[in-house]
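Entries follow in the order I made them.

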Amino acid sequence: MNTYGFTKKIALVGTGFVGMSFAYAMLCESVCDELVLIDVNKQKAEGEAMDLNHGLSFAKTNMKIYAGSYTDCRDADIVVICAGVGQKPGEDRLSLLQRNTEVFKTIISPIIYSGFNGIFLVATNPVDIMTKITWQLSGFDCKKVIGTGTTLDTARLRYLLGDYFNVDPKNVHAYVIGEHGDSEMVPWSQAFVGTKSITSIVEKNPDKFKLTDLDEIAKDVTGAAQKIIEAKKATYYGIGMALVRIVKAIFGDEKSVLTVSSMFRGEYDINGVYAGIPSIIGRDGVREIVTLDITDEEEKKLKESCELLKNASEGIKI
Ligand code: NAD
């Protein structure tokens with residue numbers, strides 16, 4: 001991995017809605033110096049590179065953007081994977097699994113062959129399992145293979161809680177953990193506005209707030225993607241910004257706590273599963289998972305979610 005003294009380079013695989021929302025946000029925020037776009041549809045990658053380059057004169061700093069191939073991953077710091085097929089209305093994420101596994105087989109091996117030795121960041125769904133597949137196919141240390149996990153779900157939760165309590169979402173400290181999907185859960189015992197526990201705020205203000213509203217908010221978070229897909233066929237701006245946030249944490253060696261998809265290695269007695277969990281992110285990827293003081297009931301739900309992911313990934317042919 002280069003030391004960022006010279007060039008911060010990203011290789012983006014998959015120039016669809018998600019990939020290009022990420023690329024556009026990268027350009028607007030000038031997060032890297034070099035961005036190579038790779039897609040099985042080369043013409044699309046070329047067109048996207050042209051379009052982004054035409055915005056360069058309005059950007060904060062210069063940036064080298066071009067359509068390339070897997071050999072260009074050789075000296076990239078981060079490979080971001082957004083390639084694959086999206087969910088159809090009514091389709092759950094796990095049913096996308098085998099189709100996207102086949103896509104990943106054609107992507108990971110040429111990247112490894114290029115000599116790439118940076119960090120993999122995966123957004124393709126079902127993201128927890130696709131991240132595990134990337135780890136398996138790459139042979140990399142699991143700390144260097146990360147998925148977007150429940151970063152977007154956590155952002156959705158914070159937005160909805162900010163709205164409910166009428167406070168800045170940035171001052172809402174709450175997480176969605178587990179599968180990025182239907183079995184994800186909110187450990188309410190670990191949810192705060194500022195330093196005040198959300199459940200105690202609700203209990204002390206029964207005229208204004210209700211615990212049942214929190215359940216509704218959690219359900220709205222889980223159902224958000226499907227609702228957006230029904231309305232506009234795909235979700236992409238939020239995940240694009242979540243990807244930028246993770247990339248910034250890596251390039252800045254921030255040690256930020258983000259609910260990326262990380263490999264459990266004994267935390268909560270869970271082993272060998274990738275799922276969304278607060279993790280400390282810096283230059284070398286995941287430094288460690290932050291274990292929360294969740295209740296027994298919350299831990300049971302987290303384990304069920306991870307068990308579901310484990311079972312779903314067991315039948316895949318790699
Ligand atoms: P899209 O169809 O717009 O783009 C997918 C891109 O992948 C296309 O440009 C396609 O040409 C490319 N592609 C397909 N096969 C390829 C291959 N073998 N090699 C290289 N490129 C290939 O889809 P999208 O809306 O951008 O979604 C991409 C993925 O992101 C989906 O799996 C979707 O479910 C997922 N997603 C994840 C989150 C999250 O929170 N993690 C949120 C939204 C979407």
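**Entry 1: α1 and α2.** I began with the residues in contact. On the α1 side I found Met20, Ala23, Tyr24 and Leu27, and they meet Lys44, Glu48 and Leu52 of α2. Sorted by class, this contact has 5 nonpolar and 2 charged residues, with no polar ones. I note here that the model is predicted. Next I took the geometry. Helix α1 spans residues 17-29 and helix α2 spans residues 42-53. Their axes are 11 Å apart, and the packing angle is about 25 degrees. Angles under 35 degrees count as roughly parallel, so I logged α1 and α2 as roughly parallel to each other. The crossing of α1 past α2 is right-handed.

**Entry 2: α5 and α7.** I moved on to helix α5 (residues 151-165) and helix α7 (residues 211-232). At what angle do the axes cross? I read roughly 130 degrees, with the axes coming within 10 Å. The handedness came out as right-handed for α5 passing α7. Then I listed the contact. From α5 I have Asp153, Arg156, Leu157, Leu160, Leu161, Tyr164 and Phe165. Facing them in α7 are Asp213, Leu214, Ile217, Asp220, Val221, Ala224, Ala225 and Ile228. The class count for α5 with α7 is 11 nonpolar, no polar and 4 charged residues.

**Entry 3: α4 and α9.** I looked up helix α4 (residues 127-138) against helix α9 (residues 296-314). The axes come within 10 Å and cross at roughly 55 degrees. That angle makes α4 oblique to α9. I marked the crossing of α4 past α9 as right-handed. Which residues meet here? Asp128, Ile129 and Lys132 of α4 touch Leu309, Ala312 and Ser313 of α9. By class I wrote down 3 nonpolar, 1 polar and 2 charged residues for this contact.

Entry 4: I checked the peptide bonds next. The bond joining Asn125 and Pro126 is cis, with omega about -5 degrees. Where does Pro126 sit? I placed Pro126 in the loop between β5 (119-122) and α4.

**Entry 5: the loop between α8 and β10.** I turned to phi values. Asp253 is not a glycine, yet its phi is positive, about 45 degrees. Asp253 belongs to the loop between α8 (237-251) and β10 (256-258). I then read Lys255. Its phi is near 60 degrees, again positive in a residue other than glycine. Lys255 also lies in the loop between α8 and β10.

**Entry 6: rings.** How many aromatic pairs does the structure hold? I counted 10. I followed one cluster, in which ring pairs link Phe17, Tyr236 and Tyr237. Tyr236 came up again when I looked for charges over rings. Lys232 lies over the face of Tyr236, at 4.0 Å from the ring centre. I found another such placement at Phe140. The charged end of Lys144 sits over the Phe140 ring, 5.0 Å from its centre.

**Entry 7: cross-links between entries.** Phe17, in the ring cluster, falls within the range of α1 (residues 17-29). Lys232, over Tyr236, falls within the range of α7 (residues 211-232).

Key. Residues numbered from 1 in each chain as written. Predicted model: local features only at pLDDT ≥ 70, side-chain atom pairs only at ≥ 80, totals over all residues. Heavy atoms only, no water. Phe/Tyr/Trp six-rings, centres within 6.5 Å; stacked < 30°, edge-to-face > 60°. Lys NZ or Arg CZ within 6 Å of the ring centre and 35° of its normal. Axes fitted to C-alpha atoms, helices over the stretch in contact; angles between N-to-C directions. Helix = DSSP H or I, 4+ residues; strand = E, 2+ residues; numbered from the N terminus. Parallel < 35°, antiparallel > 145°, perpendicular 65-115°, else oblique. Left-handed = near helix turned anticlockwise from the far one by under 90°. Contact = heavy atoms within 4.5 Å. Nonpolar A, V, L, I, M, F, W, Y, C, P; charged D, E, K, R; others polar.
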